[in-house]
Amino acid sequence: MGYSTVVSVSWLVFTHSCSAMAFPAAPTQFRHLSSYHRIKQNLFQTRKQQYNFIHPCRNVLAMAASYEANKLNMNSQNNIVRPVVANFPPSLWGGLFSSFNMDIQLLDMYTKEIEVLKEEARNMLISGDSKLSEKLVLIDTIERLGLSYHFENEIQQQLSLAFNGGHLKLENEESDDLFIVALQFRLLRQHGMDAPSSIFKRFTENNGKFKKTVVSNIDEVKGVLSLYEATYLRRQGEEILDEAFSFSKAHLEFVAPNLTESPLKKQVLHALDQSFFRGIPRVESRHFISLYEQDESNSESLLRLAKLDFNLLQMHHKEELCQVMRWWKEMELISRLSYARDRVVELYFWTLGIYPPEPRHSNARIILAKTAAMISVIDDTYDTYGTIEELQVFTEAIQKWDISEMDRLPDYMKILYGAVLDLYEAFDAELSPKGRSFAVHYAREAMKELVKCYYVEAKWFTEGYLPSSFDEYMSNAMTTAATDAAVVTSFISSAIAKVEVFDWLLAKPKILQVVNLIVRVIDDIATYELENGRGQVTIGIDCYKKEHGVSTQVALKHFNEIAENSWKDLNDGLMDNRVSKEILVQVFNFAKLMDVTYKHNQDGYTNPEKVLKPHILALLVHSCEI
């Protein structure tokens, strides 16, 4: 039934009740707030004037209102020419995550057995009966299995003993074992200890090249793999690690096809595709559990602990995602703003890469997922739908952050603007009793800055303007990467993030600058062909091409080099002692998301089928077999 037919029929039937005509009931979380009701009232008045209904039929006009609400007047003025029609793929997930019932009995059973197995693992960690090399392998196994959050103090203590006063404490025969030397180096640097790269000199010739004896037989693959993984923690100026990276990567690529089918071969192939250090820990853990199960020398108790722990955490994560999905469904943003990407499941998955997996970070994950979903819709509004005149008004409204600005906005923007204000009002209502209203203020200001820079970028798109220099582009693009807003929001519910942490973030510390740079250039590379195909000016790549007079291929290569080189600076950023290691790692993790999401220069966010879907299934659908 078309809209005009519904309206025609409605003239034939009259009632006196029209109070719910023009807009559906407010979602539960908005009923104590003003924005949503303001939208409802405004649209009701508009429809009443437009159709001049005196006594409309409640039921039939509800159908008419629903039809129009779906359209949202997005093209009600035929003379409006929208900048881009993106036609993004719909969500892959349907109602898969819309409900979840926690099995309390199973939860209790898992919890009790986990506690017993944790004590066994703890005793293994602190035992004085094993050599340092054996202790390092145990620590690495625990971390790869995703269990390290249970034993943070014990692991830190054991590594401190291995690095007392800046000296590595390996026995003579261990110090000649490339596997152990590289493993110790990687673990120490991962835990914030400044292990020297000079320890690898014993494996090199006078010319700086690695000795051929290092790869003299197939049994050395494990050592070369350990070296390869260690090189991902290199910093600027560490030439020996640059050489180690090229050497180990080339050797692994050469030998991998000839390795017999085994967990080692799978580990080599996986490492060449996704480095452990740059991977999302939860994803890497799920992969390693499968490999460890095939290892004949595995510890059955550690394996069982890892499986039980994974399944237990997965239950909590499913419950969190269900909460986010309920909120998203009640918001109805995608049904009303159909030009936007529906990626709330993927965004919740991202939060699993930001925080440690335990339930104490549940609220933080939910808050960040909701904020990221809102940023995504705003991004699409500026990138692919809003006219420059509409975007100017919306930008001004966000800067004023006042419900009275609603009247200036077109109908579809009223929905988005009200949703943004209500979201942050809900955050404030939740966090204010905990004394964290100040944190919500920082998040709100970060959102204002992001929207302001989105508008600058939208003007460039609309006017076909290329900044006069790559630096001019980056001065705005570092903010439109949206990392600043996401990082600030990621800390608003965290008790460890005092005012000083937010001021540190506002001062743009090195680690945040580098994360922004990595996110920006990786995104520009991955979205270049897609945006170019839509007829958009791909400002970053095109700006660089124009300034340096190079081809697209050369520009893309340079962007990849910027990203790769920036990881060295990011490793340096982990040594910042102005904030805790936990703060630094949380910021660092945003770069890891990009490495995974845009793997092989694919836009895994816009098109998650190949890139993110397998990870989401592994973490949120498929459990470990017990």
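The model is predicted, and local features were required to have pLDDT of at least 70, side-chain atom pairs counted only at pLDDT 80 or more, and totals for chains, interfaces and linings use all residues. Residues are numbered from 1 along each chain as its sequence is written, and side-chain values use heavy atoms, with hydrogens and water left out.

A cavity is a set of points, on a 1 Å grid over the protein atoms alone, where a 1.4 Å probe fits but cannot get out; lining residues have an atom within 4 Å of a point. Volume is the space filled by probe spheres set on the points, which are joined across faces, edges and corners. Ten cavities of 30 Å³ or more were counted by this rule.

The largest cavity has a volume of about 770 Å³. Among its 44 lining residues, Asp379, Thr480, Ala481, Asp523 and Tyr598 are the closest to its centre. By class, this lining comprises 24 nonpolar, nine polar and eleven charged residues; Ala, Val, Leu, Ile, Met, Phe, Trp, Tyr, Cys and Pro count as nonpolar, Asp, Glu, Lys and Arg as charged, and the others, Gly among them, as polar.

The second largest cavity has a volume of about 100 Å³. Its lining includes Arg144, Glu229 and His270, and divides into four nonpolar, four polar and three charged residues. Helix α12 gives the most to this lining, with four residues; helices are DSSP runs (H or I, at least four residues) numbered from the N terminus.

Helices α5 (residues 132-144) and α6 (residues 152-162) pack at an angle of about 145°, with their axes 11 Å apart. Axes are lines fitted to C-alpha atoms over the stretch in contact (heavy atoms within 4.5 Å), and angles run from 0 to 180 degrees between N-to-C directions.

Key:
Helices (H or I, at least four residues) and strands (E, at least two) are DSSP runs, numbered from the N terminus. On a 1 Å grid over the protein atoms alone, a cavity is a set of points where a 1.4 Å probe fits but cannot get out, and a pocket is an open set with protein on both sides within 12 Å along at least five of seven lines; lining residues have an atom within 4 Å of a point.
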